[in-house]
Amino acid sequence: QLQLVESGGGLVQPGGSLRLSCAASGFSLDYYAIGWFRQAPGKEREGVSAISSSNTPTYGADSMKGRFTISRDNAKNTVYLQLNSLKPEDTAVYYCAAVMAAPFESIPISTPALWHYWGQGTQVTVSS
């Protein structure tokens, strides 16, 4: 069966960095876009970043641009999210997700309901 497993979350001070990993099994990344989403308690799930099978990245809100970087390693069937210059507002559970997509299709980063498969999430806490 298709499975996504996140790792790399933890507690970090403001201004610090974390690197999250999303390991996929049961399917090839060649046929899917992979996205990162986050959800804080009491808030809606928010698109963070996504990467297509053609390795084209998409990023979310302006508050995250320039601080977060997504990358893909097809040989390891893994997608990474580098989080830099972290702020307390970034505190959330971070999920990776997959959706079947052709290389040139647009990525629905703003619509979590369209994504087919989800991991269990990894907690990121930014606090002094």
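**Questions on the model**

Trainee: Is C96 buried or exposed?
Mentor: The relative accessible area of C96 is 0%. Buried means under 20% relative accessible area, exposed means over 50%, and partly exposed lies in between, with a 1.4 Å probe and protein chains only. By that scale, C96 is buried.

Trainee: What kind of model are we looking at?
Mentor: Residues are numbered from 1 along each chain as its sequence is written, and side-chain values use heavy atoms, with hydrogens and water left out. Local features need pLDDT of at least 70 and side-chain atom pairs count only at pLDDT 80 or more, while totals for chains, interfaces and linings use all residues, for this model is predicted.

Trainee: Which residue forms a disulfide with C96?
Mentor: A disulfide is a covalent bond between the sulfur atoms of two cysteines. The sulfur atom of C96 is 2.1 Å from that of its partner, which is C22.

Trainee: How many residues apart in sequence are the parts that this pair ties together?
Mentor: Strands are DSSP runs of E with at least two residues, helices are runs of H or I with at least four, and both are numbered from the N terminus. C22 lies in strand β3 (residues 18-25), and C96 lies in strand β9 (residues 92-100). The pair therefore ties together parts whose separation in sequence, counted in residues, is 74.

Trainee: How many strands are in the chain?
Mentor: Read along the sequence, the chain follows the pattern β-β-β-β-β-β-β-β-β-β-β. There are zero helices in the chain, and the number of strands is eleven.

Trainee: What is the radius of gyration of the chain?
Mentor: This radius is taken over C-alpha atoms, and the globule rule is 2.2 Å times the number of residues to the power 0.38. For 128 residues the rule gives 14 Å, and the value of the chain is close to it, so the chain is as compact as a globular protein of that length. Along its principal axes the C-alpha trace spans about 40 × 25 × 25 Å. The radius of gyration is 14 Å.

Trainee: Which residues is T56 in contact with, leaving aside its neighbours within four places in sequence?
Mentor: T56 is placed in the loop between β5 (46-51) and β6 (57-59), and at 43% relative accessibility it counts as partly exposed. Contact means heavy atoms within 4.5 Å. With those neighbours left aside, T56 is in contact with A50, I51 and I107.

Trainee: What is the phi of N55 near?
Mentor: N55 lies in the loop between β5 and β6, and at 45% relative accessibility it counts as partly exposed. N55 is a residue other than glycine with a positive phi, near 75 degrees.

Trainee: And N77, is it buried or exposed?
Mentor: N77 is found in the loop between β7 (68-73) and β8 (78-83). Although it is not a glycine, N77 has a positive phi of about 55 degrees. With a relative accessible area of 15%, N77 is buried.

Definitions and conventions: Disulfide = S-S within 2.5 Å.
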